[in-house]
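Here is a friendly tour of the salt bridges in one structure. Take a look at the model, then read on.

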Amino acid sequence: MFRSFVLNNYLGKEFLKTVLNISMVFLFLGFTLNFFEEINFFKDYDAVGIDLPIILSILFVPSLLYNMFPFVILLSGIWFFLKIKKTDEIIALKVSGMSNFSVIVIPSILSLIIGIVFVTSYNPISSYLVKKYETIKGSYEQDKDYLAAITINGIWIKEKSFGKSNLIRAVKLENEELLEVSIYQFDYNNNFIKRIEAKSADITSLHWKIKDAKIIDKEGKISSENIKNLTYRSMYDVKKLKSLYSNLDTISFWNLENEINLLESRGYSSKEMRAKLQQYFAFPCFLLSMLLLSAVFTLGVGFKESNWVYVFVAIISSVIVFYFVRFSAALGKTDKLPVEASVWMPILIIFIFSAVGLIHANQK
């Protein structure tokens with residue numbers, strides 16, 4: 001029993017050390033690539049020095065690592081199992097009474113634990129950092145005078161056009177219409193000009209069609225009412241409004257349920273957010289499936305060639321898994337598959353494929 005504990009402790013430490021080393025490589029590569037991308041973005045800003053691209057890259061890389069971590073586990077597993085195989089440690093382990101399956105158990109358990117820790121602890125931190133990243137970078141965007149947000153008080157839009165600053169509030173979005181719309185107009189000195197109240201606004205295009213409107217002047221008097229059709233030129237249409245949550249990495253696991261309820265109460269589709277929530281739930285299992293897949297490629301398949309064959313297999317496998325997951329997600333977005341199935345199906349298929357391979361490997 002003591003010998004088993006020592007061996008499992010050794011396997012666990014070596015696997016964690018490998019995961020840490022591969023993670024550092026991914027962090028370095030991610031930082032480098034994003035750093036050059038930020039430099040290219042700020043090349044036309046003379047007042048921006050080298051420090052801002054560095055800060056932004058530091059804020060962005062943790063989120064990048066989270067999204068790429070299944071592939072970190074795949075590479076770490078291949079590296080770890082290949083190491084104990086090439087150094088004949090696997091033979092010593094088998095002599096001590098351990099099978100191929102026993103060797104895989106500890107890394108598998110650690111992959112599940114790492115997945116849970118990443119979702120519950122690491123993800124909230126990376127989400128906060130990437131939100132900070134978007135806030136800082138967004139302040140340099142050319143259209144920074146335009147802003148839209150969804151809150152518990154309704155849908156809010158701020159924009160500038162034709163020498164006026166407009167603040168728009170609507171209770172909710174229903175199909176392609178904003179309901180109970182209020183448009184507050186100010187001049188560029190923030191002096192109130194007038195307010196437009198309407199029951200609804202058709203926002204299928206940038207030229208909103210406002211229905212049953214009334215205009216209230218700065219004195220609070222109704223200057224016009226019962227206006228059946230009024231056109232308002234906006235920077236937002238229904239498509240742009242629905243893309244407000246295009247980067248779901250800014251929402252942490254713990255806040256996602258509240259955001260789903262908020263979106264649904266405002267008439268927005270929460271399909272992508274529900275898919276993201278399922279991805280959070282599936283993340284530990286995804287890591288486990290990638291670990292098992294790495295075991296199949298190393299313990300289940302005996303390449304006699306150099307280590308570059310394993311590198312090639314790891315890269316090809318990562319590409320295939322990446323596009324398979326994206327394809328399944330696309331099926332979920334287009335209602336070809338239920339949201340839950342689109343998230344769990346790739347993981348289940350990888351798991352089944354790995355299980356069959358490991359059964360074969362355990363017989364060796």
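Lys17 and Glu14 both sit in helix 1 (residues 2–41), three residues apart, which is about one turn of the helix. Helices here are DSSP runs of H or I with at least four residues, numbered from the N terminus. The two residues form a salt bridge, that is, a side-chain nitrogen of Lys or Arg within 4 Å of a carboxyl oxygen of Asp or Glu. Lys17 is partly exposed at 46% relative accessible area, while Glu14 is buried at 14%. Buried means under 20% relative accessible area, exposed over 50%, and partly exposed in between (1.4 Å probe, protein chains only). Glu14 and Lys17 also belong to a salt-bridge network with Lys83.

This is a predicted model, in which local features need pLDDT of at least 70 and side-chain atom pairs count only at pLDDT 80 or more, while totals for chains, interfaces and linings use all residues. Residues are numbered from 1 along each chain as its sequence is written, and side-chain values use heavy atoms, leaving out hydrogens and water.

The structure holds seven salt bridges, among them these:

| Pair | Closest N and O atoms |
|---|---|
| Lys17 and Glu14 | 3.5 Å |
| Lys276 and Asp249 | 3.0 Å |
| Asp335 and Lys271 | 2.6 Å |

Lys276 forms a salt bridge with Asp249. This pair links distant parts of the chain, 27 residues apart: Lys276 is in helix 7 (residues 271–300), and Asp249 is in the loop between helix 5 (238–241) and helix 6 (253–265). Lys276 is buried at 10% relative accessible area, and Asp249 is buried at 18%.

Notes. Helices (H or I, at least four residues) and strands (E, at least two) are DSSP runs, numbered from the N terminus.
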